[in-house]
Amino acid sequence: VSRSPAHPRRALVLGATGHIGSAVVRELLARGVEVTATTRRAAPTPNLVGLDVTLASGDAGDPAQLDAWVAGHDLVVDAAAPYPMWMFRPTVPAEADPQRYAQARTERVINAVRRHDATLALVGSFTTLPHPGILRGELEPRILYRSHPYFAVKETVESMVLAAMKSGLRALVVNPTAFLGPWDFKEPAMCFLPTVLSGRVPVTVGRVVNVIDVRDVATALVDAVATGRFGGRIPLSGHDIRIDELSRLACSMHGVAPPSFRGSSRAFAALSYWAEAAYGVVGKQSPAPALPMLLVRYSYPKDPSPEQRELGTVIRPLSSTLRDAIDWYSSIGYL
């Protein structure tokens with residue numbers, strides 16, 4: 001792993017309007033870096049409004065557009081790597097053949113970064129890391145891993161970047177666990193806290209997950225770039241907590257009643273999976289994707305990795321993360 005410092009002057013953030021992307025934009029700006037924020041939208045979303053960024057509207061899937069964006073930047077942060085939410089959605093190009101799309105897009109990003117002698121920082125997934133259940137010989141994680149295109153796509157993207165590192169690409173991958181915090185602007189139904197706090201989740205589960213503040217992920221990513229920790233993955237974790245405890249804590253902070261019942265995460269994962277599959281058989285899209293429950297079922301308690309400890313990023317209290325996230329969702333009308 002390289003230790004050559006690389007203090008960026010101009011950064012391009014792909015997926016800047018996303019949850020992690022907007023946090024990275026803020027972290028870079030706080031360190032005096034000029035930021036170009038890419039988006040498919042014509043105007044900035046609420047999580048970018050008021051920030052001193054250059055807004056670049058367009059499609060990163062267009063090779064010419066991507067190359068033009070990368071030119072003049074010494075850091076490219078890919079916070080928009082393919083993320084197939086649904087098992088089958090043929091009307092969306094990125095999800096009609098998600099594996100092929102992911103390979104083509106990743107190759108374009110790597111080539112553009114190489115051409116312009118830039119540094120690449122990829123936001124990866126904890127699902128590409130070794131799973132302790134698999135090491136114990138448990139079959140369920142393997143079944144989950146093969147049950148949804150998300151898992152294979154994330155592995156493909158990261159494997160391509162890691163292979164490019166071995167042939168000279170200056171890059172790193174951060175692998176955060178589930179993140180919470182301000183500046184999320186997904187559809188309300190896809191946001192964990194708004195659905196729980198609005199009473200739309202009557203049943204919760206006792207599965208332990210690890211959650212980290214999105215701002216701590218952004219800080220760790222920029223720290224890793226600035227200190228030259230290139231050449232591999234940097235797993236990032238925060239707090240181990242059961243989903244039902246997380247729900248109760250958030251509801252208590254917001255002054256609402258928590259979900260009344262607790263169920264089996266295995267049962268909910270299976271039910272959501274087969275429901276989405278059944279809709280797919282008849283050519284329809286399920287009302288809700290199975291992926292969130294599959295990720296909950298795939299989750300596990302996680303200690304900080306040696307790479308994270310070496311980096312030294314301070315993880316803020318979970319209560320601060322929840323309070324700031326709740327305030328954000330309230331400010332944009334989600335609560």
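Hi everyone. One term before we start: two residues are in contact when their heavy atoms are within 4.5 Å. Please keep in mind that this is a predicted model.

Let's begin with a pair of helices. Ser 265, Arg 266, Phe 268, Ala 269, Ser 272 and Tyr 273 in helix H11 meet Met 293, Leu 294 and Arg 297 in helix H12. Sorted by class, that contact is made of 5 nonpolar, 2 polar and 2 charged residues. The two axes come within 8 Å and cross at roughly 150°, and the crossing of H11 and H12 is left-handed.

Staying with H12, let's turn to the aromatic rings. The count comes to 8 aromatic pairs. One of them joins Phe 126 and Tyr 298 in a tilted arrangement, 6.2 Å centre to centre with 55° between the planes. Where do Phe 126 and Tyr 298 sit in the chain? Phe 126 is in the loop between strand S6 and helix H5, while Tyr 298 is in helix H12, 172 residues apart. Both Phe 126 and Tyr 298 are buried.

Another pair is Tyr 329 with Tyr 334: their planes are at 10°, so this pair is stacked, with the centres 6.0 Å apart. Ring pairs also link Tyr 83, Phe 126, Tyr 150, Phe 151, Tyr 298 and Tyr 300 into a cluster.

There is a charge over a ring, too: Arg 26 lies over the face of Trp 183, 4.1 Å from the ring centre.

Last stop, Asp 216 in helix H9. Is Asp 216 buried or exposed? Its relative accessible area is 2%, so Asp 216 is buried. Further along the sequence, Asp 216 touches Thr 313, Val 314, Ile 315 and Arg 316.

Methods: Residues numbered from 1 in each chain as written. Predicted model: local features only at pLDDT ≥ 70, side-chain atom pairs only at ≥ 80, totals over all residues. Heavy atoms only, no water. Helix = DSSP H or I, 4+ residues; strand = E, 2+ residues; numbered from the N terminus. Buried < 20%, exposed > 50% of the residue type's maximum accessible area, 1.4 Å probe, protein only. Axes fitted to C-alpha atoms, helices over the stretch in contact; angles between N-to-C directions. Left-handed = near helix turned anticlockwise from the far one by under 90°. Nonpolar A, V, L, I, M, F, W, Y, C, P; charged D, E, K, R; others polar. Phe/Tyr/Trp six-rings, centres within 6.5 Å; stacked < 30°, edge-to-face > 60°. Lys NZ or Arg CZ within 6 Å of the ring centre and 35° of its normal. Lists of a residue's contacts leave out its neighbours within four places in sequence.
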